[in-house]
Amino acid sequence: MSPDLYDDPEFYDLLHAGYRDDLAFYRGLADDHGGPVLELGAGSGRVTLALAQAGHAVLAVEPSPAMRARGAARLAAAGCGERVTWIDADMRGLDLGVRVPLAIAPFHALMHLPTLDDQDAALRAAHHHLDPNGAFATDVFVPRFGAPGAAGAPGAVRAERLGDGDLFLWQTHDATRQVVVTEHRWDRVGDDGAVRRRRATLRQRYFQRFELERALRGAGFARVRTFGGFGRAPVTDAATSWVFLAHV
Ligand SMILES: C[S@@+](CC[C@H](N)C(=O)[O-])C[C@H]1O[C@@H](n2cnc3c(N)ncnc32)[C@H](O)[C@@H]1O
């Protein structure tokens, strides 16, 4: 069994170094609603940094010590560490005793909640922390598995160059449980000619669109909108992300 990806934040950051699709969306919401922003699953601070650099205070909830430490170091290095409060907590049943105008769970963070009870507890906690005019935003990937050549197709291994190494990715998909497990192997050749391999596993419980819409309603959100991407386009079959914006 490979280590969990979130135990290796350096590898996580390398894998996602080029991913910026969501930053303008979350920063725009923070500009519209104001802070502090409650970020659930803040990870190593990818979105947190964009918000803090735009001048927003962030309450960054992240249970992984390694991810939290890397996030705090990243924000400090960028000179905006004082805008972020890192909180060692689980989003399920969270109660910080504060109300905020905006809560977010970026980059598939809700997909780490394996059961319906976990999902409901996290969404109720997001709702519980919001002002009467508050909003909650999150995104998940559109689950499409098994197409020939796709990462989720049986036996398909995706290979690509990453940094100074070769990355190999493959997925196993349990359609009954709506779980996808992604395996990562990153091989680099050292100066001594030996191959050094880094391994990580990512386990996600994926959502169907209306499943998450209904869960948001069940958690008390009154107006739930779903977009087919971060540009707020309508949902179409071409969408690769569903972006949810819900109001109290
Ligand atoms: C895909 S990462 C997203 C990190 C960051 N928001 C980003 O956009 O790069 C998901 C994060 O959620 C965190 N997470 C997993 N389960 C969680 C839970 N129950 N409560 C809060 N955070 C959780 C993980 O440790 C991980 O850092």
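In this predicted model, strand β10 and strand β11 (residues 241–247) run antiparallel to each other, paired over 5 bridges. If you want a spot to look at, find F227, which stands opposite V243 in β11.

Now step back to the whole sheet. This pair belongs to an open sheet of 7 strands, ordered β3-β2-β1-β4-β5-β11-β10, with mixed pairing. Going from one strand to the next, the twist averages 15°.

Helix α3 (residues 46–53) touches β1 (37–40), β2 (58–61), β3 and β4 (100–105), and its direction makes about 170° with that of β2. Helix α6 (residues 209–218) lies across β5 (130–141), β10 and β11, and it runs at about 15° to β11.

Let's finish with the ligand. There are 19 residues around the ligand, and Y12, G41, R46, E62 and M91 come nearest. The shell divides into 10 nonpolar, 4 polar and 5 charged residues. A side-chain N or O atom of E62 is 2.7 Å from a ligand oxygen atom, while D90 places a polar side-chain atom 2.9 Å from a ligand nitrogen. On its own the ligand has 600 Å² of accessible area, and the protein covers 94% of it.

Definitions and conventions: Residues numbered from 1 in each chain as written. Predicted model: local features only at pLDDT ≥ 70, side-chain atom pairs only at ≥ 80, totals over all residues. Heavy atoms only, no water. Near = heavy atom within 4 Å. Polar contact = N/O pair within 3.5 Å; in protein donor to acceptor, adjacent residues only side chain to side chain. Areas by Shrake-Rupley, 256 points an atom, 1.4 Å probe, with all protein chains shown as cover. Nonpolar A, V, L, I, M, F, W, Y, C, P; charged D, E, K, R; others polar. Pairing = 2+ DSSP bridges. Helix = DSSP H or I, 4+ residues; strand = E, 2+ residues; numbered from the N terminus. Axes fitted to C-alpha atoms, helices over the stretch in contact; angles between N-to-C directions. Contact = heavy atoms within 4.5 Å.
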